[in-house]
Amino acid sequence: MRKRGGTEVFRITEARRGLAEDVSGRQRRYVISMVVRTLAVIATVALWNVQRPIAIVALVLGMLLPYVAVVIANGGRENVTSLPSTHLDPPPRTMIAAPVKPVVAETGATAAEGERPSGT
């Protein structure tokens, strides 16, 4: 994290960075890319008659860098994949069967509940 006002600020959450901080970071990356492109174009002009292969590489870099810089700058906010989920699955419900109680018939034999004694 950056230091602000001489004190270091720590992130204690996995929340995203603020929008202003995100935009300023993308602007900074774009400006750095354009400075590198400008240096590549100047190197192309300076090296064209001295080191032509290096000048051609610098020219290609100067031509491709604007596209790459724009794609990176417009890439949007960072993806936060490590945020905890707010959805909690309910605990699994187990089926508990009612215990089968023996029914004592008039004859003294036991039978399962719901069954009729064989003597009636």
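Q: In this predicted model, what percentage of contacts between residues at least 6 apart in sequence join residues at least 24 apart?
A: The model is predicted. Take the contacts in the protein between residues at least 6 apart in sequence. The share that joins residues at least 24 apart is 52%.

Q: Which pattern does the protein follow along the sequence?
A: The protein has 2 helices and 4 strands. Read along the sequence, their order is β-β-α-α-β-β.

Q: What percentage of the residues of the protein count as buried?
A: Buried means under 20% relative accessible area. The protein has 120 residues. Of these, the buried share is 12%.

Q: How many Å² does the accessible surface of the protein come to?
A: Carbon and sulfur atoms hold 63% of the accessible surface.

Q: Which residue forms a salt bridge with Asp22?
A: The structure holds 1 salt bridge. Its closest N and O atoms are 3.4 Å apart, and the cut-off is 4 Å. Asp22 and Arg26 both lie in helix α1, 4 residues apart, about one turn of the helix. The partner of Asp22 is Arg26.

Q: Are Asp22 and Arg26 buried or exposed?
A: The buried residues of α1 include Gly25, Met34, Ala40 and Thr44. Asp22 and Arg26 are on that list too. Both ends of the salt bridge between Asp22 and Arg26 are therefore under 20% relative accessible area, that is, buried.

Q: How far apart in space are Asn74 and Arg26, C-alpha to C-alpha?
A: Asn74 sits in the loop between α2 (52-73) and β3 (102-104). Arg26 lies in helix α1. In sequence, Asn74 and Arg26 are 48 residues apart. In space, their C-alpha atoms are separated by 7.9 Å.

Q: Is Asn74 buried or exposed?
A: The relative accessible area of Asn74 is 60%. Exposed means over 50%. So Asn74 counts as exposed.

Q: Why does Ser33 count as buried?
A: Ser33 is in helix α1. The limit for buried is under 20% relative accessible area. Ser33 is buried because its relative accessible area is 17%.

Q: At which residue does α2 bend?
A: α2 has 22 residues and reaches 31 Å from its first C-alpha to its last. That is close to the 32 Å expected at 1.5 Å a residue. The helix bends by about 30°, and Pro66 follows within four residues. The bend is at Leu64.

Q: How many Å does α1 reach from its first C-alpha to its last?
A: α1 has 29 residues. At 1.5 Å a residue, 42 Å is expected. The reach of α1 is 42 Å.

Q: Which element gives the largest share of the nonpolar patch?
A: The patch is formed by Tyr30, Val31, Val35, Leu39, Ile42 and Val70, with about 530 Å² of accessible area together. Val31 is found in helix α1. The largest share is 5 residues, and it comes from α1.

Methods. Residues numbered from 1 in each chain as written. Predicted model: local features only at pLDDT ≥ 70, side-chain atom pairs only at ≥ 80, totals over all residues. Heavy atoms only, no water. Salt bridge = Lys/Arg side-chain N within 4 Å of Asp/Glu carboxyl O. Buried < 20%, exposed > 50% of the residue type's maximum accessible area, 1.4 Å probe, protein only. Contact = heavy atoms within 4.5 Å. Areas by Shrake-Rupley, 256 points an atom, 1.4 Å probe, with all protein chains shown as cover. Patch = residues over 30% accessible without salt bridge, like charges linked within 9 Å, V, L, I, M, F, W, Y side chains within 5 Å. Expected span 1.5 Å × (residues − 1). Bend = angle between axes of the 7 residues up to and from the residue.
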